[in-house]
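Q: Please take a close look at the surroundings of the ligand. Which parts of the chain supply them, and how do those parts pack?

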Amino acid sequence: MVAPPERYDFDAIVVGAGPAGATAALVLARAGRSVCLVERGPFAGSKNVYGGVIYARILDELIPGWWDEAPVQRWVTRRATVLMTDHQALTVDYRTSAWGEPPYNGATAYRPDFDAWLADKAVEAGAVLVTSTTARGLLVDELTGQVCGIRTDRPDGDLTARAVIACDGVNSFLAKEAGMYLHPEPEHFTLGAKEVLALPREEIEKRFALSGREGADFEIVGCTQGIPGGGFVYTNLDTVAVGVVVSLTGLSASGIRPEELIAGLKAHPMIAPLVEGAELKEYSAHLIPEGGYDTMPELTGDGILVAGDAACMCLAAGIWLEGVNFAIGSGEAAGRAVDEALAMGDTSAAGLAGYRRRLEGGFVLQDHRKLRRAPHLVLSDRVQNAYPTLACDLVEQLFTVTNPVPKKGAVKAFLEGYQRAGLKVGDLARDGWAAIRTFG
Ligand SMILES: Cc1cc2nc3c(=O)[nH]c(=O)nc-3n(C[C@H](O)[C@H](O)[C@H](O)COP(=O)(O)OP(=O)(O)OC[C@H]3O[C@@H](n4cnc5c(N)ncnc54)[C@H](O)[C@@H]3O)c2cc1C
């Protein structure tokens, strides 16, 4: 608790210069508010880890024509979902030239480049970016009980503001300190680990059948040695990112190390020819808030809001990861809500209530609510193990020429495979119905 500040250093402080924080600061600075964006790394994006694809349409209004200036590696024009067993792979491989033109769909980008670019936008608009500075805790006004700033690790100390936006990423300790994060259980998190592998640009284009700035994105089920999760392969200009995302509790129970899972994926007959001879440039790992809607903290308190991964807003379901766009969307809503609250002269939880209203009215909470069962479904044992085996075996049987033995009918092959995969009567129908309810 601190005495009420005589005057505030800033209208708002945003902690964390990831996509959520940079966007919140950009919106506030454009609205003419004094805003400080505090980042513990030496520059925005220096600490940030992800797989590699940004779905940036959320920027269409905020930064019109963003595609002409954002530091993009490739435009994803080929997106494949792969069902794998240890020796088989069945792929739904979609490509379209439409995603290779404005307004584009997904882009591969390096986070140190992308996050630094977005934070620069906030600085150009007037935000003060303070790097190499860690927020160590919250300042709370002893009269009102309202958050009124942050403690930092700098010798010149604390910073005060009428509102603090916590965008400090997964497992936010600021949200915990404010009592907003109630039950962060390990089963609501996954661990993402990835390698960045260097290959000559022409080699990547040859191996992935790409040309120019076209890019590929493979999302893989069945490659995590029985641990609930998934894998990915993304192309950059002259590197390929290969990684896995696995349940934290499953990983610790298995005794397997994440780098062993990546090694297994790279050795798979489908992936090995794509990365053969590549040079390891980087290895990184990071937690992902997989729990989604049902595990989100309180979004607002007196003088404080939580956005992005700090508020579990990453839309994740094993192989499927949309976090950057949700971070930008929630950062934008937080910035606008703080601007409105400042205009009303009320940054208490009641004054900041516009934040939730904005999120409810847009894709962030609507998509999360719609897809709240997705992690549970995608990480279930049947989706992870039984269905990849069933699908691969079925296709193998259908494509195998058995002469002189006459062909087996598809229904017979399916029923045999169904039994072999350990599925019970009704499992497929139940899961199909759950998939319709989840994704429909
Ligand atoms: C392996 C992996 C693969 C992923 N793949 C994808 C993908 O392909 N596409 C996608 O859209 N999303 C992906 N995600 C999710 C995505 O990375 C996150 O959802 C997104 O980064 C969230 O943005 P954010 O701004 O909320 O948090 P972050 O990007 O985590 O940023 C938080 C920032 O806060 C700073 N910070 C933290 N604590 C403090 C402090 N106390 N003081 C000052 N600064 C602090 C950090 O240094 C960091 O810069 C992936 C994640 C992982 C781990």
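A: The answer starts with the ligand shell and then turns to the rest of the chain.

This is a predicted model, in which local features need pLDDT of at least 70, side-chain atom pairs count only at pLDDT 80 or more, and totals for chains, interfaces and linings use all residues. Residues are numbered from 1 along each chain as its sequence is written.

There are 39 residues around the ligand. Nearest are Gly 16, Gly 18, Gly 192, Gly 308 and Gly 323. A residue counts as near if its C-beta atom, placed from the backbone, lies within 6 Å of the molecule. Two or more shell residues each come from helix H1 (19-30), strand E3 (53-54), strand E11 (189-198), strand E15 (279-289), strand E19 (320-322) and helix H9 (324-344). Helices (H or I, at least four residues) and strands (E, at least two) are DSSP runs, numbered from the N terminus.

The shell has 17 nonpolar, 15 polar and 7 charged residues. Here Ala, Val, Leu, Ile, Met, Phe, Trp, Tyr, Cys and Pro are nonpolar, Asp, Glu, Lys and Arg are charged, and the others, Gly among them, are polar.

Domain 1 (10-72 + 110-182 + 297-371) and domain 2 (74-108 + 184-294) both give residues to the shell, so the ligand lies between them. The domain bounds come from an automatic or database domain assignment.

Now the two shell helices. The axes of H1 and H9 come within 7 Å and cross at roughly 35°. Axes are lines fitted to C-alpha atoms, for helices over the stretch in contact, and angles run from 0 to 180 degrees between N-to-C directions. The crossing of H1 with H9 is right-handed, meaning the near helix is turned clockwise from the far one by less than a right angle. On the H1 side, the contact residues include Pro 19, Ala 20, Thr 23 and Val 27. On the H9 side they include Val 324, Ala 327, Ile 328 and Arg 336. Contact requires C-beta atoms, placed from the backbone, within 7 Å. The H1 and H9 contact divides into 10 nonpolar, 5 polar and 3 charged residues.

Next, the wider chain. Helix H13 (residues 381-399) and helix H14 (residues 410-420) have axes that come within 9 Å and cross at roughly 145°. The chain has 15 helices and 19 strands.

Definitions and conventions: Two residues are in contact if their C-beta atoms, placed from the backbone, lie within 7 Å.
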